[in-house]
Amino acid sequence: MHSLATVVELVNTSPSTGGDDGLATLAELQTFVESRQVSGVSTLTPRDLGQVRLVREAFHRVFTAPDQPTAVRTLNALLSETRITPRLTEHDGHPLHVHYFAADATLAEHVAADCGVALAHLLVDGESERLRTCSAPDCDRVFVDESRNRSRVYCDSRTCGNRMHVAAYRARRRA
């Protein structure tokens, strides 16, 4: 779940989701790395920033793929560029878990491997419909629908969901 949340947060930094570039600077990349508790990251470079942006756009194409075969092809292309080396680890107060990136991986490889494998498991389980784009007309942010009945339609019920419900209420009152 942590890797799925990380990939959603990463994709939503993209201008492709309708906002400003949330990874415009190394400082913003550092903030992302710290907030998502990406382990084993040393000094970040402009190359890291460029590579992570490319990975981010590949993940965005997975979320917005028109069908599962397209999502699979896109994710396979991304995963084929990583050195996946699964290993069990415990660190920073987290329980035992699996890291999929090679020990000497770049930040982009690290994110591509861990988040890519998380998305791969979702696709293998036949859950590609859980990869969604917000239904609010002015929002293109992505999310993973974790609801039991797969009914979530907004990236955030407190912002987009509430805004859309208030607009619908006002429209009914005017009618």
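**Exercise 1.** State how much accessible surface the protein has, and what share of that surface belongs to carbon and sulfur atoms.

*Solution.* The accessible surface, computed by the Shrake-Rupley method with a 1.4 Å probe, comes to about 9900 Å² for the protein, and carbon and sulfur atoms hold 52% of it. This is a predicted model, in which local features need pLDDT of at least 70 and side-chain atom pairs count only at pLDDT 80 or more, while totals for chains, interfaces and linings use all residues. Residues are numbered from 1 along each chain as its sequence is written, and side-chain values use heavy atoms, with hydrogens and water left out.

**Exercise 2.** Describe helix H5, its span and its burial.

*Solution.* Helix H5 covers residues 107-124, which is 18 residues, and reaches 25 Å from its first C-alpha to its last. This is close to the 26 Å expected at 1.5 Å a residue, where the expected span is 1.5 Å times one less than the number of residues. Next, take burial, where buried means under 20% relative accessible area (1.4 Å probe, protein chains only): 15 of the 18 residues of H5 are buried, so the helix is largely enclosed by the rest of the structure. In the protein, buried residues make up 42% of the 175 residues. Finally, just after H5, Gly126 takes a positive phi of about 70°.

Terms used:
Buried < 20%, exposed > 50% of the residue type's maximum accessible area, 1.4 Å probe, protein only. Helix = DSSP H or I, 4+ residues; strand = E, 2+ residues; numbered from the N terminus.
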